[in-house]
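Please consult the sequence and the structure shown below while reading.

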Amino acid sequence: MTDVFMNTYHRLPVTFSRGEGAWLFDTGGKKYLDFSSGIAVNCLGHAYPPLVKAIAEQAARLNHVCNYYQSNTTAAFAEKLTAACAPVGMKRVFLANSGAEANEGAFKIARKYSLVRHGPNRHRIVTLKGGFHGRTVTTLAATGQDVFHKDFGPFTEGFAYVPAGDIEALDRALDADTVAGFLVEAVQGESGIRPQESAYIRRAAELCAERDILLIFDEVQCGVGRTGSFLACEAYGVKPDIVTLAKGLAGGIPVGAALAGEKAADILQISDHGSTFGGNPVAAAAGLVVLETVNCPSFLAEITRKGEKLQSVVRGWGHPKVRELRGRGLMIGIDIEDEAWPILERGVAAAGTPPAANPGLLILSAGQKTLRLLPPYIIADTEIEEGLELLRGLLS
Ligand SMILES: *Cc1c(COP(=O)(O)O)cnc(C)c1O
C-alpha cells in the first residue's frame, strides 16, 4: 500500500476491489463475508442494483448544484426523510455530509434556540460518558471520553458529561439556567453497542421538557433501520427535539442530516448555517433508494428477525469465550474473553485463495474486548449462519 496517507488508521492487510450483496472481493479474488457494512454505511450491501442505477442515472443528469439553486432530487429526499422521522415529531431537515457535521448543526440549533428563548449564557450541552459524536474539534468536545480530549486543545467550551443510566446525575447536570441541550445515542455504537435503558430515556425526556432543554438523539450509527425501527429512539416512546443521521442514510454515499421538531424547526434562518456539498443530488438519489427500501414495516421486521436469529445462534453456542451479548436489530456487540483486534485479523487471514472457497469474515471491534457486528440488512439467513460458523472458528 502507498505510504503517502497520513498515519491515522490501523488498516488490516487487505485491499478490496469489488462487492456484491453481503460479500467483498479483494484484488486477488478472495472473498469475504461482510458483517461490518463499512461501519453501518453499506446498509443495503454492496452494488445493490436499484442503488447503483439511481446513483448512475443522477450522476449522468446532474451531479452537483450549489444551494443557491434547487434540485427536485434533493427536495424529494428531504421530504421523504422528514416524513420517515415524522412519527417522532420531526418537521424540517438540514442536509450535510457526515455524522460530525450533522451533530455540529444540532449544536447550533440547540444554542440558538436557547439564546432566542432564554437569553445568553445558556449554551451548555450535556452528553454521556462513553458516547461518541465525531472527530471535529467540537464533536470531540461532545464525546465524553478522556482519550479524545488531548493533543488538539483548546476544545470547544460548554460540554459536560454524565454517566449513562444515572438519573440523579442527569437531574443535577440539566441545569435550567445554563444548559441548552442533552445529546444521547439511543444505542451507543463505538463504546460497545450499549442500548440506553427505557426508564432512563423516558425520565431524561421529562426533565428536558420541564426545563425547555432540547433532547437530541445522535442516530448517526443506530438510525436508518439498524435497530429494527427506522429510528432507534422510536423504541422509547419519547419525542426528541433534534435527531441526527448519517452513516447508512445513503447506503455508501456521504450524507448527513439534522432534523428538528416543532420547537426548533424554524430556528435556523438564512445565512445561519450552510454546507457546500450538503444535499448533493447524487447523495439524495442514493438516499431516496435507502428510504424507499428500508422504511417499510415488512423490511424493518426482517431486520429485527435476522438480529434475533443472529443473537440466538450465538447464545446457543454457550461458548466459554463469549461473556455477554447485547444489541438490537442488526447492531450487535459481543464481549469476549480475549482482545478483539486479533479476531478481526484472523477473520481477514481466514480467506483462502480461490477456488479453495473458504471465505474470510469482516467484523468490527468496539472497545478492546468487544466484537461489533453490523451486517447489511439484505443479508440472507444462510449467510448469517455461514458467517457465525466462521466467527465461532475465529474465537477458538
Ligand atoms: C460515526 C459516528 C459519528 C461521526 O460520524 P462521521 O460521519 O464519521 O463524522 C457521530 N456519532 C455517532 C454515534 C457515530 O457512530
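The domain assignment, whose bounds come from an automatic or database source, divides the chain into domain 1 (16–34 + 297–395) and domain 2 (50–294). This is a predicted model, in which local features need pLDDT of at least 70 and side-chain atom pairs count only at pLDDT 80 or more, while totals for chains, interfaces and linings use all residues. Residues are numbered from 1 along each chain as its sequence is written, and side-chain values use heavy atoms, with hydrogens and water left out.

**Extent of the interface**
- The C-alpha centres of domain 1 and domain 2 are 28 Å apart.
- Contact (heavy atoms within 4.5 Å) involves 19 residues from domain 1 and 23 residues from domain 2.
- About 1,700 Å² is buried between domain 1 and domain 2, with 57% given by carbon and sulfur atoms; buried area is the accessible area (1.4 Å probe) that two parts lose on being put together, summed over both.
- Arg328, Met331 and Tyr377 lose the most area in domain 1 to domain 2, together 42% of what that side buries.

**Charged pairing**
- Between domain 1 and domain 2 the count is 1 salt bridge, defined as a side-chain nitrogen of Lys or Arg within 4 Å of a carboxyl oxygen of Asp or Glu.
- Glu190 and Arg372 form a salt bridge, with their closest N and O atoms 3.1 Å apart.

**Elements on the domain 1 side**
- At least two residues each of the side touching domain 2 are supplied by α9 (297–317), β13 (322–328), β14 (331–336) and β17 (370–373); helices (H or I, at least four residues) and strands (E, at least two) are DSSP runs, numbered from the N terminus.
- The largest share of that side, 4 residues, comes from α9.
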